[in-house]
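Here is a short report on one chain. Look over the sequence and the model before reading on.

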Amino acid sequence: MPGLRDPLTMLVRRGREPAVVQTVRSTAAAVIAYVVALWLSNEPAPLTAPLTALLVVQVTLYATLTTGVRRVNSVVAGVLIAIGFSVLVGLSWWSLGLIILASLVIGRFVKAGEFVPEVAISAMLVLGVTRVAETAWDRVLETLIGAVVGLLFNVLLVPPVWVQPAGEAIEDLARRMRLLLQDIGEEISGHIPVEEAAARLHAARRLDHDIVQVDASLRQAEDSLRLNPRVKEGLLYRVVLRTGLDALEITAVVLRVTCRTLTDLATHRREESLFPEETAAALREVFTNMALAVEHFAIVITTHVTTSAEHAEDNLTRELDAARRTRDRAADLLLRQVQLHPRQWQLHGALLAEIDRILDELDVEKRTERLTQELDRHSREQRERYPRLHRVAQRLRKSRYGRRSTLK
């Protein structure tokens, strides 16, 4: 049974991935557009309609509404260019070059935006399907059918909210950071070869690539929350996830600098331990506490207001407090060591400063302050962007307050 359960679990997880869902939705929209075009068009194989639907349907409703118009512009412009060239000159190597050139130039004027190349692509695909001038209006009709079906498909069948994949990506990033912090804590005592310290530095540098991937997943989640009728507090979710990832990104940068500091210490102390036994034990405890704090921090920002989130926040506070206490003890021990052997004292100070920065980024109070600032900034931007809407909302609130006061 366990052997069967694991493939089933993997299949369910795969089915919830954005790429899988987008593939199914795009296929369904293209088929619907083709069926509708068969009813309304005179063409026996109206392939322009499913082509347009494939280009219009996006993984999120926000992306569909914001990019759908530009995609429709690009496809319609490409179809019209293809029709014009098929009527005038037909298809040859030199006319193909003119079609591509004209498509790329005209795409700038029809406000296709980043979809300018799709003007040329649409034109070439339409020419590949047919070069008969009498089918011109059918091609335009097919394009409009595909565009309408694609837009309605995402409006009526709203795409899923991609918060869970983004949360899983953030937790996976935090898990890798936790493992790296634990490895540093385990290896900080005793003699560390320069090669091992350098390997930890390379592992910390690879976190930059991981953060880029998590950021892409988070952007998709943010788009899925915008204009989505399924979500009531989309702004709050977006801000919580974004500020949380920002804190983890800064922590990863500081962690890389920490590995650089330890590598420098290992380079200077090739024949001896990095720190005395008592100092190394204190630093090992600090890194262990920080490793657990990073994992609890990820749970806090990816879990909604539930018992598990409150429990994770309590654990985060406990680990941070323990790390600060142990950090102070390690600082006293490092000071004594510097007074006895003042070699590379600046690296000791840098290590303490980096520990302080990580603890500060994961602090619960700072997270709350950052959330408040981001929400205030967003509200201010909305007021500046839509001043009339803000005034109307204020009048509605005042009228509601006045009616409540009258009833009382």
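## Exposure and overall picture

Buried means under 20% relative accessible area, exposed means over 50%, and partly exposed lies in between. Asp-172 has a relative accessible area of 29%, so Asp-172 is partly exposed.

The model is predicted. Mean pLDDT for the chain is 78, and 80% of its residues reach 70 or more. One is residues 1–5, with zero contacts beyond four places in sequence. Another is residues 403–408, again with zero contacts beyond four places in sequence.

The chain has 16 helices and zero strands. Of its 408 residues, 45% are buried. Take the contacts between residues at least 6 apart in sequence: 80% of them join residues at least 24 apart. The accessible surface is about 22300 Å², and carbon and sulfur atoms account for 60% of that.

## Nonpolar cores

In soluble globular proteins, nonpolar side chains tend to be buried together. Here the largest nonpolar core holds 69 residues. Leu-262, Phe-275, Phe-287, Met-290 and Ile-355 touch the most other members. Helices that each supply at least two residues of this core include α8 (163–187), α11 (234–268), α12 (277–302), α13 (307–340) and α14 (345–361). A second, separate core has 10 residues, among them Ala-82, Phe-85, Ala-102 and Ala-112.

Which residues does Met-290 touch, not counting those up to four places away in sequence? They are Leu-181, Ala-323, Ile-355, Ile-358 and Leu-359.

## A nonpolar surface patch

Nonpolar residues also form a surface patch of about 1000 Å². Its members are Val-87, Leu-88, Val-89, Trp-93, Trp-94, Leu-98, Leu-101, Val-105 and Phe-109. Helices α4 (61–88) and α5 (93–109) each supply at least two of the patch residues. The largest share, six residues, comes from α5.

Trp-94 sits in helix α5. Its relative accessible area is 41%, so Trp-94 counts as partly exposed. Patch residues need over 30% relative accessible area, and the value for Trp-94 is 41%.

## Salt bridges

Side chains of opposite charge can pair when their charged atoms come close. The structure holds 19 salt bridges.

Asp-172 pairs with Arg-175, with the closest N and O atoms 3.1 Å apart. Both lie in helix α8, three residues apart, about one turn of the helix. Arg-175 is partly exposed at 35%. Helix α11 holds another pair, Asp-264 and Arg-260, which are four residues apart, about one turn of the helix. In this salt bridge the closest N and O atoms are 3.1 Å apart. Asp-264 is partly exposed at 24%, and Arg-260 is partly exposed at 36%.

Is Glu-361 buried or partly exposed? At 2% relative accessibility, Glu-361 is buried. Its salt-bridge partner Lys-366 has its closest N and O atoms at 3.2 Å. Lys-366 is partly exposed at 24%. A network of salt bridges links Arg-357, Asp-360, Glu-361, Lys-366 and Arg-370.

## Contacts of Glu-313

Glu-313 belongs to helix α13. Its relative accessibility is 30%, so Glu-313 counts as partly exposed. Not counting residues up to four places away in sequence, Glu-313 touches Val-300, Val-364 and Arg-367. Val-364 is 51 residues from Glu-313 in sequence, yet their C-alpha atoms are 7.7 Å apart.

Methods: Residues are numbered from 1 along each chain as its sequence is written. Side-chain values use heavy atoms; hydrogens and water are left out. Patches are made of residues with over 30% relative accessible area and no salt bridge: like charges are joined within 9 Å, nonpolar side chains (Val, Leu, Ile, Met, Phe, Trp, Tyr) within 5 Å. Accessible areas come from the Shrake-Rupley method with a 1.4 Å probe; for residues, only the protein chains shown count as cover. A salt bridge is a side-chain nitrogen of Lys or Arg within 4 Å of a carboxyl oxygen of Asp or Glu. Buried means under 20% relative accessible area, exposed over 50%, partly exposed in between (1.4 Å probe, protein chains only). pLDDT is the predictor's confidence in each residue, from 0 to 100. Contact means heavy atoms within 4.5 Å. A nonpolar core is a set of buried Ala, Val, Leu, Ile, Met, Phe, Trp, Tyr and Cys residues joined through side-chain atoms within 4.5 Å.
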